[in-house]
Amino acid sequence: MSVYLSPLLRAVEPYVPGEQPRDRRYVKLNTNESPYPPSPAVLEAAERAAGSLNLYCDPTALRLREAAAEAFGVSADMVLPVNGSDEILNFAFMAYGHAGIAVPDISYGFYAVLAELHRVHRREIPLRPDFSIDHRDWLNLGRTAVLANPNAPTGLALPLSEVEEIVASNRENVVVIDEAYVDFGAGSAVSLTKKYDNLLVTRTFSKSHSLAGARLGFGIASPGLIADLTAVKDSTNPYNVNAVTQAAGIAAFGDNDYYMANCRAVAAQRDRTAARLRELGFEVTDSRANFLFARHPGVSGGELYEKLRERGILVRHFSAAPIAEYNRVTVGTGEQMDVFVRAVEEILA
Ligand code: PMP
């Protein structure tokens, strides 16, 4: 850090993304990407768009918004495309953080970083001992709520009826539901954005739609909230979604069946792998996401992480005390999960 840095930023500890190692080939189960490539139509659209990279992209991303609106069943003024869903979270903290925020005490680490960055008061609401969210703790908060559903890294999902109760009881404030993992088996609150003008749903194409490297996410909300967030976007980075990504996103909406089939395949591998891990003595949460969250009484979280790494398998280990015994394992293809399970069997033996 230089002597020139703003004193306000000195205390901010940046988010540490999962490793993207280049030193050797790993079975990469650490950052919840899709194991499947983008569809051929997406690759073609991206290549075509690359031919016009000398021009600025459409700052309103109109065609992408229209495609998204149709897919999500809302109007185009209810969608804001963003540079990965991290960006819409950042916009939401800027726009609605003044009210203070509530987040689960165990959740996506980026929320705490954004709260520090924007000097937003953060109240952490404890999960139950089994990591589930008691939705009654989230009623009438008197501040902005930020919840991942399914939650990360636990994978546990709230039923839609409980999400609706939270939104309905907090009409004075915005409720952000981060649906990064919703396509792998949880109920989406998108349709509720037409009923509640205080609900912001965030989505990403990084996991379900094989576009993590393209950086594409969406905010879906009432026209009023989307106007707020668009003003923040236009005040920070008007061309936030680049031309290649806009074209890829439009084509991906056109190939939704391909992506949903991939999500179902991942969910099937998740459930198969979870069952095998339980047979091996692991405690595994009932994940509705594209990752598993598991611990074993016989091997520490850190040790399992290290031993898998030595065998060329990368998973995600968090050192924070309440979850240090766990590892988060992205669900890949059947072959990748076979390699993972064989390595785990070897380590336990
Ligand atoms: N929300 C949650 C819960 C996540 O785990 C992630 C992935 N790191 C994101 C949002 C952001 O994903 P992206 O910026 O790639 O859309």
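Predicted model: local features only at pLDDT ≥ 70, side-chain atom pairs only at ≥ 80, totals over all residues.

Biologist: Where is Asn140, and what is its phi?

Modeller: Asn140 belongs to the loop between β4 and β5. Helices (H or I, at least four residues) and strands (E, at least two) are DSSP runs, numbered from the N terminus. The phi of Asn140 is near 50 degrees, a positive value in a residue other than glycine. Most residues other than glycine have a negative phi.

Biologist: What makes Arg119 exposed or buried?

Modeller: The relative accessible area of Arg119 is 54%, and therefore Arg119 is exposed. Arg119 is found in the loop between α5 (110-117) and β4 (122-125). Arg119 is not a glycine, yet has a positive phi of about 50 degrees.

Biologist: How do you know whether Asn198 is buried or exposed?

Modeller: Asn198 has a relative accessibility of 3%, so Asn198 counts as buried. Asn198 lies in the loop between β6 (175-178) and β7 (199-204).

Biologist: Which residues is Asn198 in contact with, leaving aside its neighbours within four places in sequence?

Modeller: Contact means heavy atoms within 4.5 Å. With those neighbours left aside, the contacts of Asn198 are Val167, Asn170, Arg171, Asn173, Val174, Val175 and Leu225. Asn198 and Val175 are 23 residues apart in sequence, and their C-alpha atoms are 6.1 Å apart in space.

Biologist: What joins the side chains of Asn198 and Arg171?

Modeller: A polar contact of 3.1 Å joins these side chains. The term requires a pair of N or O atoms within 3.5 Å; within protein, one must be able to donate a hydrogen and the other to accept it, and residues adjacent in sequence count only if both atoms are side-chain atoms.

Biologist: What makes the pair of Tyr181 and Phe291 edge-to-face?

Modeller: Rings of Phe, Tyr and Trp (its six-membered ring) pair if their centres lie within 6.5 Å; planes under 30 degrees apart count as stacked, over 60 as edge-to-face and the rest as tilted. The structure holds 15 aromatic pairs. In one of them, Tyr181 and Phe291 are 4.9 Å apart centre to centre with 85 degrees between the planes, which is edge-to-face. Tyr181 lies in the loop between β6 and β7 and Phe291 in strand β10 (residues 291-295), so the pair ties together parts that are 110 residues apart in sequence. Both Tyr181 and Phe291 are buried.

Biologist: Why is the pair of Phe205 and Phe253 called tilted?

Modeller: The ring centres of Phe205 and Phe253 are 4.9 Å apart and the planes are at 55 degrees, so the pair is tilted. Phe205 lies in the loop between β7 and β8 (217-221) and Phe253 in helix α8 (residues 243-254), 48 residues apart. Both Phe205 and Phe253 are buried.

Notes:
Residues numbered from 1 in each chain as written. Heavy atoms only, no water. Buried < 20%, exposed > 50% of the residue type's maximum accessible area, 1.4 Å probe, protein only.
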